[in-house]
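Dear colleague,

I am passing on the structure that I mentioned, and I would be glad if you could look through it before we talk. My notes come after it.

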Amino acid sequence: MLRFILRRLGLALLVALTVSFISFSLLFLSGDPAIAIAGESANAEDVAAIRALYGFDRPMMVQYGDWLWHALQFDFGVSYYFRLPVADLISERLSVTMTLGVCGIVFALLTAVPLGVIAAIRPNSLIDRIALFLSVAGQAMPSFWFGLILIVIFAIQLRILPASGADTWQHFIMPTIVLGYYAMPAIMRLTRAGMLEVLSADYIRTARAKGASEGRVLFKHALRNAIIPVVSLAAVQMGFMLGGSIVVESVFALHGAGYLAWESIGRNDLPTVQALILVFALFYIVFTFLADVLNAWLDPRMRSA
Amino acid sequence: MKRRVLTGSVAALALFSAGMAHADKGNDTLRVAFTKELESVDSYFNSAREGVVLQRAIWDGLIYADPHTGEYSGNLATEWTWIDDTTLELKLREGVTFHDGSPFTADDVVYTVDFVANEANGAVTQRNVNWMDHAEKVDDHTVRIITKEPFPAALEYLSGPVSIYPSDYYAEAGPTGMGLKPIGTGPYKVVSVEPGKRFVLERNENYFDGPKGQAQIGNVDIRTIPDVNTQIAELFSGQLDLIWQVPSDQAERLEQMGQFTVANESTMRVGYLAMDAAGRSDPDNPFTKLEVRQAVNHAINREELVGELLKGKSIPIHTACFPSQFGCAQDVKEYEYDPEKARELLAQAGYPDGFATEFYAYRDRELAEAITSYLNAVGIRTDFKMLQYSALRDLNMKGETPLSFQTWGSFSVNDASAMVSQYFKHGELDDARDDEVLAELDIADSSTDPEVRKAHYRTALQRIADQAYWAPMFSYNTNYVSTAEVSYTPTADEVLRFHTMTWN
């Protein structure tokens with residue numbers, strides 16, 4: 001198990017490095033940050049001065065090496081836009097995004113897995129149809145639209161939930177539902193498919209034949225096997241939620257890391273974008289790694305993979 | 001994100017949602033939304049409208065310009081005289097204190113001016129400050145500001161973007177510290193700043209009796225809410241009292257509901273087409289021909305753009321400046337909408353079948369698309385490219401854009417130099433490079449005689465119009481929507497002034 005973890009860790013680091021290099025190259029090609037910093041009224045000398053001041057005139061590899069060296073010491077530089085340390089900016093906004101992401105994935109798992117199990121026990125029943133309808137609706141509905149509908153109902157008409165901001169736990173209820181609902185359908189479908197397949201397997205018949213209770217059959221024997229692909233999917237969804245909750249963060253004015261990344265790209269705020277990409281990449285890597293470890297624990301056969 | 005498609009229906013849904021909005025009048029707190037994340041509260045280190053709004057609340061300038069009449073009166077200075085063409089002596093108001101209790105003296109003026117005028121300190125909008133060379137203290141309440149060259153628009157800048165910071169505090173805190181914990185003399189003090197997200201102000205009880213007057217509303221709580229639909233929802237649910245920059249279709253619906261006050265005001269921002277008359281992108285490009293540029297001017301239906309898309313107090317524009325600006329003469333050649341004439345002019349220029357050109361824009365896609373359809377209608381086939389602002393500016397500076405849709409807001413400076421001189425003095429952004437215009441503007445920009453300035457701006461603007469270097473099109477407007485409890489008269493410079501707001 002230790003060798004397995006170490007090998008995965010090494011691979012994860014390599015992925016992080018590759019992602020940061022590719023994103024740096026793309027940003028380097030995408031335009032001159034000096035012009036964005038100089039602002040509307042700047043002339044060519046201002047821009048040239050800024051270019052020299054920030055070192056944009058150096059070769060790309062030198063700039064990347066410089067950035068990497070500082071990043072390894074947790075120094076991500078100063079945001080060109082806010083003129084504040086990127087580390088402070090991100091750590092402040094990340095707490096909102098993490099809270100939202102964890103709530104979202106928990107909400108998705110708590111609704112999707114039971115629904116998927118029930119749908120698999122009674123395939124093509126009314127409850128299966130309802131679950132199918134919910135999942136189709138969840139995939140089809142744009143999240144900003146769903147968010148606004150919730151706002152109209154709960155903030156304007158019923159006035160029981162705040163529409164925007166991140167001050168209290170009530171502020172997170174609607175964003176959690178919107179974000180979680182988007183991730184829910186895939187998890188539910190996968191749980192249902194996995195359960196259906198497992199439930200028809202020989203060892204389940206054997207378990208039933210030796211007189212195991214139905215609950216024990218479902219949860220100890222069936223779900224443990226059916227859940228393995230769900231764990232991997234949930235890890236990817238979680239990474240997506242942390243990096244891709246831009247729309248939800250924008251609609252509910254949460255000012256999280258996803259929205260910061262989106263806005264920073266438009267502002268050519270390279271240090272912020274670069275640091276956020278690395279953070280998001282690390283999230284994916286960490287979650288995939290955790291999912292691998294969890295799956296290896298669930299299924300010993302995967303440890304040698 | 002196909003957001004606009006569905007937003008209309010959400011607004012319609014919201015209309016069905018009954019319920020009165022409740023202002024936070026009881027707590028004496030005005031709740032306002034910003035759309036954009038403000039980069040820094042330090043007014044020398046942001047270039048945003050939101051920054052100007054906070055600047056006018058937190059700080060004061062030496063001079064005050066009445067937003068309705070444009071008349072100057074004393075603010076932190078009480079009187080001023082030009083000692084020579086480049087030396088302005090100002091007597092300072094006595095007994096004024098900053099929010100931290102330190103007294104306002106000549107040292108504060110000298111430190112602020114010397115700091116911001118030094119290019120190395122990196123004030124973002126250099127044009128606002130780089131006309132000043134330095135300041136000199138005469139005594140505790142007398143200072144001189146020395147300009148680099150004769151600069152007749154000095155009073156306009158001293159009553160606008162140049163505000164005075166406390167010397168000791170600014171020296172210690174710097175722009176970053178000032179952005180996080182701003183200290184000024186203004187009618188509101190800052191309680192807290194969450195960068196980009198939230199700004200809380202409270203009334204300055206010790207504010208001097210100046211032309212701005214005492215603030216009436218005790219507290220102002222500003223939150224950044226990027227989505228305008230969410231802003232409207234918060235207005236409905238009683239969590240906001242005032243929103244602004246509301247799109248005209250939404251503002252119309254809100255007005256129909258009857259429970260909100262909707263006010264529309266013009267802004268100084270002008271939308272225009274820039275054409276490469278100097279042949280920077282290609283010496284043989286069609287826009288080097290006068291007839292082609294005139295054809296473009298005749299092809300645009302300014303009245304329709306204003307009436308159907310911009311609405312409100314927008315007006316058609318024919319000059320390379322905004323009409324209220326000093327020196328912005330309006331007696332220039334106007335090109336009426338005449339697509340037939342446009343086609344004839346193109347034929348005369350040697351393009352009987354029109355031509356194809358790249359067309360760039362960076363904002364307002366709907367407007368840009370309307371413009372492309374006007375151009376296509378007369379035979380100018382556009383290869384439309386929508387770019388990020390900085391990317392387009394990069395191409396502009398290199399002279400690689402034959403035709404582009406541009407806008408300019410003049411930083412609310414009510415002087416033609418803030419626009420026409422920005423673009424027609426052979427800088428990187430000048431696609432005309434006309435020596436006659438340059439000579440006229442040089443005189444107009446540096447003469448201290450207002451009549452001389454007016455005369456030379458007129459000649460320059462007339463030549464720009466005759467040569468059709470630009471196709472000026474329209475001015476922008478903005479909508480202010482508030483609950484019935486808030487009383488506010490917006491001004492034409494798009495600056496929210498909290499100190500003039502009251503509860504009904």
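Predicted model: local features only at pLDDT ≥ 70, side-chain atom pairs only at ≥ 80, totals over all residues.

Residues are numbered from 1 along each chain as its sequence is written, and chains are lettered from A, with ligands numbered from 1, in the order in which they are written.

Chain A

Chain A has 13 helices and zero strands, where helices (H or I, at least four residues) and strands (E, at least two) are DSSP runs numbered from the N terminus. The C-alpha atoms of chain A fill a box of roughly 85 × 55 × 30 Å along the principal axes. Of its 305 residues, 44% count as buried, a residue being buried if 20 or more other C-beta atoms, placed from the backbone, lie within 10 Å of its own, exposed if 12 or fewer do, and partly exposed in between. Among contacts in chain A between residues at least 6 apart in sequence, 73% join residues at least 24 apart; two residues are in contact if their C-beta atoms, placed from the backbone, lie within 7 Å.

Chain A is divided into domain 1 (2-72) and domain 2 (88-304), with bounds that come from an automatic or database domain assignment. The C-alpha centres of these two domains lie 32 Å apart, and 16 residues of domain 1 are in contact with 15 residues of domain 2. On the side of domain 1 that touches domain 2, α1 (2-29), α2 (33-38) and α4 (60-72) of chain A each supply at least two residues, and α1(A) gives the most, with eleven. By class, that side has twelve nonpolar, three polar and one charged residues, where Ala, Val, Leu, Ile, Met, Phe, Trp, Tyr, Cys and Pro count as nonpolar, Asp, Glu, Lys and Arg as charged, and the others, Gly among them, as polar.

The contact between the chains

The contact takes 43 residues from chain B and 37 residues from chain A. Elements of chain B that each supply at least two residues to the side touching chain A include α1 (3-16), α6 (167-180) and α13 (389-398). By class, this side of chain B has 15 nonpolar, 17 polar and eleven charged residues.

A sheet in chain B

Chain B holds an open sheet of four strands in the order β4-β5-β7-β6, with antiparallel pairing; two strands pair if DSSP finds at least two bridges between them. β4 (77-84) and β6 (132-139) of chain B stand at the edges, each with a single partner strand, so one side of each is left without a neighbour in the sheet. Six bridges join β6(B) to the antiparallel strand β7 (residues 142-147) of chain B, and the bridge partner of B:Asp139 in β7(B) is B:Thr142.

With best regards
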